[in-house]
Amino acid sequence: MSLGWIGLGHMGVPMALRLRRAGHPVNVYNRTMEKTAPLVNEGAVALGTPRAVIEQSDIIFLMLADGPAVTAVLEQANGLLASPLQGKIIVNFSTISPEQSISFAARIEQTGATYLEAPVSGSVGVAEAGQLVLLLGGDDKAVAICRPYFEVLGKESIHFGAHGTGSSAKLAINLLLALVGEGVAETLWLGERAGLDKEKLLQLIGASGMNTPLFQGKQTMYREERFPAAFPLRLMAKDLGLITEEAKRLTLDLPLATTAHTQYQQALQNGHGDEDMAAVYLSFKQQ
Ligand code: NAP
């Protein structure tokens with residue numbers, strides 16, 4: 001099967017590279033053409049429009065920033081909906097709301113293509129190592145066809161059910177991610193303001209039951225107060241927006257999600273959007 005890839009940002013590049021390095025032919029498109037270079041260097045073919053990718057591929061993967069980015073790729077001139085989609089499988093890895101995913105599924109499947117949602121849990125290093133967790137929503141048969149590719153990208157795929165369910169699962173796990181980020185930031189801030197040595201506080205968290213792979217991956221950032229993005233804070237703020245909208249839709253009161261949304265928005269307004277989500281810590285230091 002020939003593979004297509006649309007969206008080569010922080011996550012798209014390492015994921016598409018894994019498929020290419022596993023020996024699959026990969027056709028790539030990115031709005032900013034220069035970002036196709038790491039793939040082209042490994043033998044992928046860069047094409048100028050989403051339509052060209054569709055024409056030359058059987059399964060097309062999308063890894064785009066958000067719902068408006070997916071809409072743009074769908075609706076632009078020579079975009080997905082202007083392409084011969086009959087018989088193709090479109091797999092959307094982007095984090096979007098369940099409602100957006102259900103709506104994209106309907107629009108794409110009207111054309112005779114199959115749509116799968118497969119948002120991922122895990123950041124850039126995890127993607128490079130092929131250790132993502134894929135959260136699937138959609139048709140069983142399409143999941144079975146895509147499974148060999150999912151196995152190159154992730155350590156586990158969990159099929160939650162119909163369209164929308166994978167996106168609901170992604171919002172749920174990212175709420176926990178946001179709260180852990182916020183929790184570490186407040187813990188450090190409390191300890192530091194009480195006069196404790198930050199290095200010893202980091203040692204304490206690492207030795208405690210609250211140590212996590214996430215904390216291990218980010219502790220150098222807290223130590224050095226430099227936050228090169230693995231998961232950009234602007235995307236965490238975007239996801240918290242989706243989470244609070246989803247809570248409203250389900251008439252749920254999620255007080256921690258509401259507080260975290262405000263806190264990450266504050267960090268975004270303070271100019272930390274392109275830094276890692278752990279930079280929410282700086283919004284305490286800068287208050
Ligand atoms: P990113 O680095 O910001 O890349 C976003 C991609 O979307 C780029 O290819 C960008 O193209 C494209 N894009 C944005 N707006 C567009 C538009 N209007 N038309 C066409 N293309 C557009 O994001 P990322 O970190 O790779 O994340 C991608 C998705 O995965 C997001 O939904 C994110 O929430 C989710 N996710 C991220 C992580 C992580 O750790 N980073 C982890 C799990 C899930 P350009 O290059 O032209 O800007």
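This is a predicted model: local features need pLDDT of at least 70, side-chain atom pairs count only at pLDDT 80 or more; totals for chains, interfaces and linings use all residues.
Residues are numbered from 1 along each chain as its sequence is written, and side-chain values use heavy atoms, with hydrogens and water left out.

Let's start with helix α9, residues 198–207 (helices are DSSP runs of H or I, at least four residues, and strands are runs of E, at least two, numbered from the N terminus). Its buried residues are Lys198, Leu201, Leu202 and Ile205 (buried means under 20% relative accessible area, exposed over 50%, partly exposed in between, with a 1.4 Å probe and protein chains only). Down the axis of α9, these fall within an arc of 100°, so they line one face (the arc uses directions from the helix axis to the C-beta atoms). Lys200, Gln203, Leu204 and Ala207 are exposed on the other side.

Lys198 also forms a salt bridge with Glu225, with the closest N and O atoms 2.6 Å apart (the rule is a Lys or Arg side-chain nitrogen within 4 Å of an Asp or Glu carboxyl oxygen). Lys198 lies in α9 and Glu225 in the loop between α10 and α11, so the pair ties together parts 27 residues apart in sequence. Glu192, Lys198, Glu225 and Lys285 are linked in a network of salt bridges.

Elsewhere, Asn27 sits in strand β2 and is buried at 7% relative accessible area. Its side chain makes a polar contact with that of Ser2 at 3.3 Å (N or O atoms within 3.5 Å, one able to donate a hydrogen and the other to accept it within protein; residues adjacent in sequence count only if both atoms are side-chain atoms).
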